[in-house]
Structure formats: structure tokens, C-alpha cells
Amino acid sequence: MDSIDKLLAQLQTEYKEVQPEQQSKSATAKSFIPPSPKSASLMDNLLAELKADFAEEDAAIELKRHQELEQERIRQEQLKAKQLEVLQVQAKEWLAKVDPLSSEGLWFERFAESYSSKLEAAIEYLRSNE
């Protein structure tokens with residue numbers, strides 16, 4: 001939007017610079033022709049169209065950026081889900097191998113008490129040991 005505002009300010013400055021020159025030229029002429037209200041209206045319409053075009057372009061860029069962010073978020077969620085699947089397989093294998101009467105097995109039994117399932121506890125245990 002800054003570029004639109006700068007462009008509008010530049011056009012307005014140029015318009016204001018041209019206007020006094022036209023007035024001084026017309027004042028020295030014998031016949032005075034007032035500036036046409038159509039030209040001012042035309043300039044306003046052109047500026048409005050230009051501003052609308054830039055706003056539309058900015059909206060398209062913002063939409064594209066939002067879509068890219070959403071795609072990245074989805075990709076990250078898919079990656080996390082895949083990693084969880086791998087961890088679940090590893091945790092099931094680890095649970096099948098661990099001797100419940102070994103020191104590690106006894107420790108794990110205490111550790112797993114704070115989880116809703118042994119699988120969830122094993123996943124957390126494997127995550128922390130990566």
C-alpha cells in the first residue's frame with residue numbers, strides 16, 4: 001500500500017504543479033477559459049482506478065501468501081503424523097522386547113503410570129532418548 005500512496009502523492013504533486021502554470025498562462029491570455037471540471041474528474045477517476053488495481057494486486061499477493069502458509073502448515077502436520085506412526089511402530093517393538101522384570105522394565109512400569117497407556121509412555125520414552 002505504501003507504493004500506492006507514494007504514487008498517488010507524486011501524481012497529486014505533479015497535478016498541483018501543473019495547475020498554477022495553467023492558471024498563470026490563462027490569466028495572461030485575453031480570453032479566460034476556466035479549467036474543465038471534467039479533467040479534474042477524469043484525474044480522480046484515473047487515480048481511483050489505479051488505486052483499485054493496486055489494491056486488487058495486493059489482495060491477490062496476500063491470498064497467495066496465505067495459501068502457501070496453509071500448504072506449509074498441512075505439510076508439517078502430515079510430517080508429524082508420519083513421524084508419530086514410525087514412533088508407534090518402534091514403541092510397539094520396544095514394548096515387546098523389554099523384560100518387565102529387568103531394571104529398565106521395572107523403571108518403565110513406574111514411568112508408564114502417569115500415562116493413559118503403555119504405548120503412549122513408550123512413545124514418550126523413545127522420543128526423549130532420540
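Reply: Helices here are DSSP runs of H or I with at least four residues, strands are runs of E with at least two, and both are numbered from the N terminus. This is a predicted model, in which local features need pLDDT of at least 70 and side-chain atom pairs count only at pLDDT 80 or more, while totals for chains, interfaces and linings use all residues. Residues are numbered from 1 along each chain as its sequence is written, and side-chain values use heavy atoms, with hydrogens and water left out.

The chain has 4 helices and 0 strands, in the order α-α-α-α. Of its 130 residues, 12% are buried (under 20% relative accessible area; exposed is over 50% and partly exposed in between, with a 1.4 Å probe and protein chains only). The chain exposes about 10,700 Å² (Shrake-Rupley method, 1.4 Å probe; for residues, only the protein chains shown count as cover), and carbon and sulfur atoms supply 56% of that area.

Now the charged side chains. Side chains of opposite charge can pair when their charged atoms come close. The structure holds 6 salt bridges (a side-chain nitrogen of Lys or Arg within 4 Å of a carboxyl oxygen of Asp or Glu).

One of them joins Glu-62 to Arg-65, with the closest N and O atoms 2.6 Å apart. Both residues belong to helix H2, where they sit 3 residues apart, about one turn of the helix. Glu-62 is partly exposed at 41% relative accessible area, and Arg-65 is partly exposed at 42%.

Helix H2 also carries Arg-73 and Glu-77, 4 residues apart, again about one turn of the helix. Their salt bridge brings the closest N and O atoms to 2.3 Å. Arg-73 has a relative accessible area of 38% and is partly exposed; Glu-77, at 45%, is partly exposed as well.

A further salt bridge pairs Lys-118 with Glu-109, the closest N and O atoms being 2.8 Å apart. Lys-118 is partly exposed at 42%, and Glu-109 is partly exposed at 31%. As for shared partners, salt bridges join Glu-70, Arg-73 and Glu-77 into one network.

Glu-49, Asp-53, Glu-56 and Glu-57 form a negative surface patch. Patch residues have over 30% relative accessible area and no salt bridge, with like charges joined within 9 Å and nonpolar side chains (Val, Leu, Ile, Met, Phe, Trp, Tyr) within 5 Å. Asp and Glu count as negative, Lys and Arg as positive, and His and the chain ends are not counted; each charge is placed at NZ of Lys, CZ of Arg, CG of Asp or CD of Glu.
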